[in-house]
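Notebook open, model loaded. Today I want to look at aromatic contacts and greasy surface.

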Amino acid sequence: MKLHLIIFAILIAGFISYNLFFATADDRTNTLINIVYASVLFGYISFMAFTVLKKLKK
């Protein structure tokens, strides 16, 4: 589980650094990248929750 939290922290740091330093000038493209990145983050959260629930069941 510790590995999952480290990966999630890296993803969050990447999201923050993208928005602070690497944001594109085009608003539409920037919004699209933010939506896709946020979708990946929420998907990973759901994967971690599923993994925890599987471990609790055993």
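Predicted model: local features only at pLDDT ≥ 70, side-chain atom pairs only at ≥ 80, totals over all residues.

Is Phe-21 buried or exposed? I looked up its relative accessible area and got 64%, so I'm filing Phe-21 as exposed, the cut-off being over 50%.

Next entry, ring pairs. I find four aromatic pairs in the structure. One of them is Phe-15 with Tyr-37, a tilted pair with 5.4 Å centre to centre and 55° between the planes. That pair ties together distant parts of the chain, since Phe-15 sits in helix 1 and Tyr-37 in helix 2, 22 residues apart. I checked cover for both: Phe-15 comes out partly exposed at 22% relative accessible area, and Tyr-37 is partly exposed too, at 24%.

Back to Phe-21, which pairs with Phe-22. I get 6.4 Å between the ring centres and 70° between the planes, so I call this pair edge-to-face, because the angle is over 60 degrees. Phe-22 is exposed as well, with a relative accessible area of 58%.

I also noted a cluster: ring pairs link Phe-8, Tyr-44 and Phe-47.

Last entry, the surface. Which residues form a nonpolar patch there? I list Met-1, Leu-5, Val-52, Leu-53 and Leu-56, with about 480 Å² of accessible area together. Helix 2, residues 27–57, gives the patch its largest share, three residues. Leu-5 belongs to helix 1, which covers residues 2–21. I read 48% relative accessible area for Leu-5, so it goes down as partly exposed.

Methods
Residues numbered from 1 in each chain as written. Heavy atoms only, no water. Patch = residues over 30% accessible without salt bridge, like charges linked within 9 Å, V, L, I, M, F, W, Y side chains within 5 Å. Areas by Shrake-Rupley, 256 points an atom, 1.4 Å probe, with all protein chains shown as cover. Salt bridge = Lys/Arg side-chain N within 4 Å of Asp/Glu carboxyl O. Helix = DSSP H or I, 4+ residues; strand = E, 2+ residues; numbered from the N terminus. Buried < 20%, exposed > 50% of the residue type's maximum accessible area, 1.4 Å probe, protein only. Phe/Tyr/Trp six-rings, centres within 6.5 Å; stacked < 30°, edge-to-face > 60°.
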